[in-house]
Amino acid sequence: MGTEDGGDAAFCPKDAEIETWMAKAFDMARDALENGEVPVGCLMVYKGQVVGKGRNEVNETKNATRHAEMVALDQVLDWCRRSNLDVRSVCEQTALYVTVEPCVMCAAALRLLNIPAVVYGCRNERFGGCGSVLDVSSADLPQTGTTFKCVSGHRAEEAVEMLKAFYKQENPNAPKPKTRKD
Amino acid sequence: MEPQMKRWKGSVCDADSLVAYPVLSDEQSQDVELVEAYAAPIVNKKETSRLIRELHGLYPLNGLQHIKRVRACKGKGSPHPLEVLVCRISDAPDMKVASIDSLLPSDRVNHDGLGEPFVVKVPTRPPLTRPQFELASRHWPTSFHEDKQVTVALRGELFSSHQKAMMHMYMMTALTAANAGKELGMEAVGAVVVDPVLERIIAVGHDCRGAHPLHHAVMVCIDLVARSQGGGYYSFDSYTACKFTPANSNMCEGDSQPYICTGYDLYVTREPCVMCAMALVHSRIGRVFYGSASADGALGTKFKVHAQKDLNHHFEVYKGVLCKQCDHLDILDHSIRKESSDGRE
């Protein structure tokens, strides 16, 4: 694939790669659902190797930013450190495979780390940062890393079904919703 | 965290001059948009209620529910006491010259008591703030459901002198943290999370992205708040200026357990980026106060994440708090960065 803006050829996962890695991401999501956790599967792949994967860790850390993608990004940074490789040059060739569209925060974090490509299953109507609520992936934000390419819709219905099954249960940690809306 | 309080007591006296501008949603801050419409004088006041009823049947003014159908003519010289809105020009049938006969078929609206139509401009949207209401009312009267707090905030009268003194102290604490981070080679950004009811600092953090590219001051503070509640993922113990107050020290029986940043305020020297702004939504922060705007800022400059439709949590944002000191921090930071990168080349 060529690029219009010059430089290196655009980094984009091939169909076979998408099939393989998304299958793994869906396995992770199903595992999470069976354990009563947010059914999101997420992994980061660099040169055919998984360098980070994550699941939502919000409840145990009491830190609402510990989304699966943030956990996976931390692992990528650790992996670079252990492998003695430059973070930027690794990230620039790393793709994220995730069952649900990353939220606005995660999309911005992916930009800040210069991740070039994100493959996701279903849209995230509540928080999505790749077009559903805001389009952080392609917005003009020169001080927020680089834009990234999205490949969406892979096994989307399956991803939605898992989320629906999860949200039927209640989050026991969330405060009781107030009756009056502000 | 008493020391900061004492340290800045000297400057609390000028806290009365502290400003905090509310960052309102686009809908609240946009100009008044107008649309042309036909109005007509009511020459016989007794016909008013019948005319309103019949006009409403013919031209219900869908989408203009905020518009008052009738206005009083204040000018003493006016020959008629009232004027009534007939319809938007776009609702009217095609006609060469606008007349009551062409606008109102006499079998639908009895013309008794009505004068000849003329063109007016009416506001297309309901006013959300007092300034919008005042501008809109110059054209045609509208209803207005006033948010008193917004009105007071826009007047700059929302905070008492005591509150301003506290805000001053909190932002000074954030500035101190920013400087501590800068000394370690981080970007000069500092943040403080406060429980405004107990008037207690919960966490103080500064930018740590030298060690981790996503450890912006706000992200650091969010994890420190988690630490204060017995959670947290990272350790910032090696940064002496990053600290937290355990939530349970000082809690009375019956106090509800704190839940992430619910009810807390954040003070940050620079407008948060998209990542940090959305992290604050996820953390259900109460209010955010910042000093300087930033180019990619997401609480006013590029986005207004705090007022973004579709999101499940919204919060108030105030900017310009100690902006001179905060701007100075940014300017210094940029010049140092420029110098060091120039030096490298």
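Reply: Start with burial. A residue is buried under 20% relative accessible area, exposed over 50% and partly exposed in between, using a 1.4 Å probe and protein chains only. By that rule, B:Phe159 and B:Tyr318 are both buried.

The model is predicted, so local features need pLDDT of at least 70 and side-chain atom pairs pLDDT 80 or more, while totals for chains, interfaces and linings use all residues. Residues count from 1 along each chain as written, chains are lettered from A and ligands numbered from 1 in written order, and side-chain values use heavy atoms, without hydrogens or water.

Now the rings. The whole structure holds ten aromatic pairs over all chains. Rings of Phe, Tyr and Trp (its six-membered ring) pair if their centres lie within 6.5 Å; planes under 30 degrees apart are stacked, over 60 edge-to-face, and the rest tilted. Take B:Phe159 and B:Tyr318. Their ring centres are 5.3 Å apart and their planes meet at 75°, so this pair is edge-to-face.

Where do B:Phe159 and B:Tyr318 sit? B:Phe159 is in the loop between α7 (148-154) and α8 (161-183) of chain B. B:Tyr318 is in strand β11 (residues 316-319) of chain B. The pair therefore ties together parts 159 residues apart in sequence. (Helices, H or I with at least four residues, and strands, E with at least two, are DSSP runs numbered from the N terminus.)

B:Phe159 and B:Tyr318 form one aromatic cluster with B:Tyr170, B:Tyr267 and B:Phe289.

Step back to the domains of chain B. An automatic or database assignment sets the bounds. Domain 1 covers 34-124 and domain 2 covers 159-340. The C-alpha centres of domain 1 and domain 2 of chain B are 54 Å apart.

Some rings have a charge over them. That needs NZ of Lys or CZ of Arg within 6 Å of the ring centre and within 35 degrees of the ring normal. A:Arg66 lies over the face of B:Tyr233, 3.8 Å from the ring centre. In chain A, the charged end of A:Arg126 sits over the ring of A:Tyr167, at 4.9 Å from its centre.

Helix α6 of chain A spans residues 156-167 and lies across β3 and β4 of chain A.

Conventions
Contact = heavy atoms within 4.5 Å. Axes fitted to C-alpha atoms, helices over the stretch in contact; angles between N-to-C directions.
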